[in-house]
Amino acid sequence: MMKRKRIILAAASVMAAALILTACGKKQETMVEETAASTETQIVETETQSETETETETEATTVPVIEERSTVDGKMQSYLTGEWKDEEVVTRRPIAVMIPNNSQAMPQYGISQASVIYEAPVEGRITRLMAIFEDFDDLDHIGPVRSSRDYFVYTAMGYEAVYCNWGLARPYVEELINRDTVQNISAGVEGIYKPADEAYGRIKRPGYKLEFTGYLFIDGLKDAMERLKYDWEYDDDYVPQFTFAAEDYRAEYKDAEDAVIVRPGGTGANSGGYGAYNPYFEYNEEDQLYYRYQDGKKQIDEMNKEQLAVSNVVFQYCHGEVRDAKDYLAFGVHGEGDAIVFTGGKAIKGTWSRMEGDGVPPKFYDEDGNEIIFNQGKTWICNIWKEFSEFAEYE
């Protein structure tokens with residue numbers, strides 16, 4: 001019988017002052033939605049090591065990690081997963097696509113191809129996803145696509161991602177999304193100054209509401225990128241979010257607690273965003289992946305019928321506030337806070353820090369202040385509303 005670990009973390013989050021000011025506003029403007037268009041790290045060593053990998057000293061052990069990337073036979077290791085992919089794929093900026101996660105929208109299409117999925121609460125106390133894709137050339141479309149919230153935009157900026165959305169909460173997003181520092185491919189609704197309608201279209205889904213029929217089409221995305229003269233290249237000073245274990249190595253964290261069932265919102269109803277559909281991840285020791293469940297069922301990709309699975313799951317605890325009577329939310333995605341990284345069936349407790357501005361992502365550290373090493377593969381980051389952290393648990 002596995003023992004359940006309920007997580008109640010201390011308040012370590014420091015929210016940016018600008019976000020606090022906007023979070024407290026009581027504006028009642030309506031939102032233009034989509035329908036407007038109508039601990040220690042133990043490493044198992046092997047004999048081989050890529051020329052792109054070096055050894056980094058820590059107090060506990062010598063940990064081989066991916067550092068400088070180089071091209072080998074036309075391939076390079078991804079900033080987002082650590083895996084070898086075509087050089088032209090991993091040297092271009094990714095796209096960050098807003099995807100609904102409520103039961104009425106299921107199943108989503110193409111989401112299993114995302115390298116990183118960021119999940120956060122929205123009004124109505126459900127969650128929404130932002131899927132970050134770097135390898136999307138073989139996809140015809142992705143979606144359905146939904147509307148923007150500012151904390152998703154700020155998160156996408158840390159990846160230097162091209163932000164893709166259909167609709168926006170105007171009082172809190174309009175000024176931000178139209179800045180020169182945000183390159184977005186957005187459906188043409190009120191509040192979007194440079195619409196990219198060639199990237200979007202609807203697909204018939206009998207029985208679905210209109211807002212769950214809008215999709216991003218990859219050919220149109222590329223056309224819009226060219227028309228808007230957006231640059232596909234990462235900046236020279238790009239800072240990757242993750243540090244990955246080197247090829248043929250595993251970060252095992254043998255001294256950490258076991259975590260084979262991970263529940264960002266617990267098992268019962270609550271108002272923290274995850275209590276509506278009770279998502280959870282189940283670790284499979286055989287392939288070392290965490291499989292996603294939601295609403296009592298496997299969460300699958302409509303495209304390939306595969307269950308969503310990732311190598312790493314992160315709880316990123318953020319201070320949240322209710323902005324107005326419409327229940328629009330604000331979250332502090334800058335500053336510092338508590339975090340738990342789940343990888344290899346273990347829970348590594350620590351913190352996150354994002355103190356260097358919009359263009360730098362948060363980094364994750366263990367309780368000794370060492371950067372947490374992720375295992376190669378996909379990562380799912382759950383924004384946990386700190387004020388509802390008592391519901392997050394693992395076992």
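**Entry 1: strand S25 and its partners**

I began with S25 and strand S26 (residues 363–366), which are antiparallel and joined by 4 bridges. Within S26, I found Lys363 opposite Ser353. I note here that the model I am reading is a predicted one.

Next I looked up strand S24 (residues 335–343), which pairs with S25 over 9 bridges, also in the antiparallel sense. For Gly335 I read off Arg354 as the bridge partner in S25. S24 and S25 form a hairpin with 2 residues between the strands, and there Gly344 has a positive phi near 60 degrees.

I then checked strand S15 (residues 257–258), which runs antiparallel to S25 and is joined to it by 2 bridges. The bridge partner of Glu257 in S25 is Ala347.

How many of the 9 residues of S25 are buried? I noted 7 for this strand, residues 346–354, so S25 is largely enclosed by the rest of the structure. As a reminder to myself, side chains in a regular strand alternate between the two faces of the sheet.

**Entry 2: nonpolar core and Phe315**

I looked up the largest nonpolar core and found 103 residues in it. Ile95, Ile185, Phe315 and Phe342 have the most contacts inside that core.

I took Phe315 for a contact list, leaving aside its neighbours within four places in sequence. The list includes Val262, Arg263 and Pro264.

**Entry 3: cysteines**

I looked for disulfides, and the count is 0. Are Cys164 and Cys382 buried or exposed? Cys164 has 0% relative accessibility, so I list it as buried.

**Entry 4: second largest pocket**

I read a volume of about 400 Å³ for the second largest pocket. Its lining has 18 residues, and those closest to the centre are Arg93, Met157, Glu160, Thr181 and Asp235. Which element gives the largest share of the lining? I found helix H3 (residues 150–158), with 3 residues.

**Entry 5: backbone exceptions**

I found a cis peptide bond between Met106 and Pro107, with omega about -5 degrees. Pro107 sits in the loop between strand S6 (95–100) and strand S7 (116–122). Another cis peptide bond joins Gly143 to Pro144, with omega about 0 degrees. I placed Pro144 in the loop between strand S9 (141–142) and H3, the helix that also contributes 3 residues to the lining of the second largest pocket.

For phi, I noted Asp73, which is not a glycine but has a positive value of about 55 degrees. Asp73 lies in the loop that separates strand S3 (62–66) from strand S4 (75–77). Its relative accessible area is 78%, so I list Asp73 as exposed.

Lys305 also went on the list, with a positive phi near 65 degrees in a residue other than glycine. I found Lys305 in the loop between strand S19 (297–298) and strand S20 (309–310). With a relative accessible area of 59%, Lys305 is exposed.

Key:
Residues numbered from 1 in each chain as written. Predicted model: local features only at pLDDT ≥ 70, side-chain atom pairs only at ≥ 80, totals over all residues. Heavy atoms only, no water. Buried < 20%, exposed > 50% of the residue type's maximum accessible area, 1.4 Å probe, protein only. Pairing = 2+ DSSP bridges. Disulfide = S-S within 2.5 Å. Core = buried A, V, L, I, M, F, W, Y, C linked by side-chain atoms within 4.5 Å. Contact = heavy atoms within 4.5 Å. 1 Å grid on protein atoms, 1.4 Å probe; cavity = no way out; pocket = protein on both sides within 12 Å on 5 of 7 lines; lining within 4 Å. Points joined across faces, edges and corners; volume = space filled by probe spheres on them.
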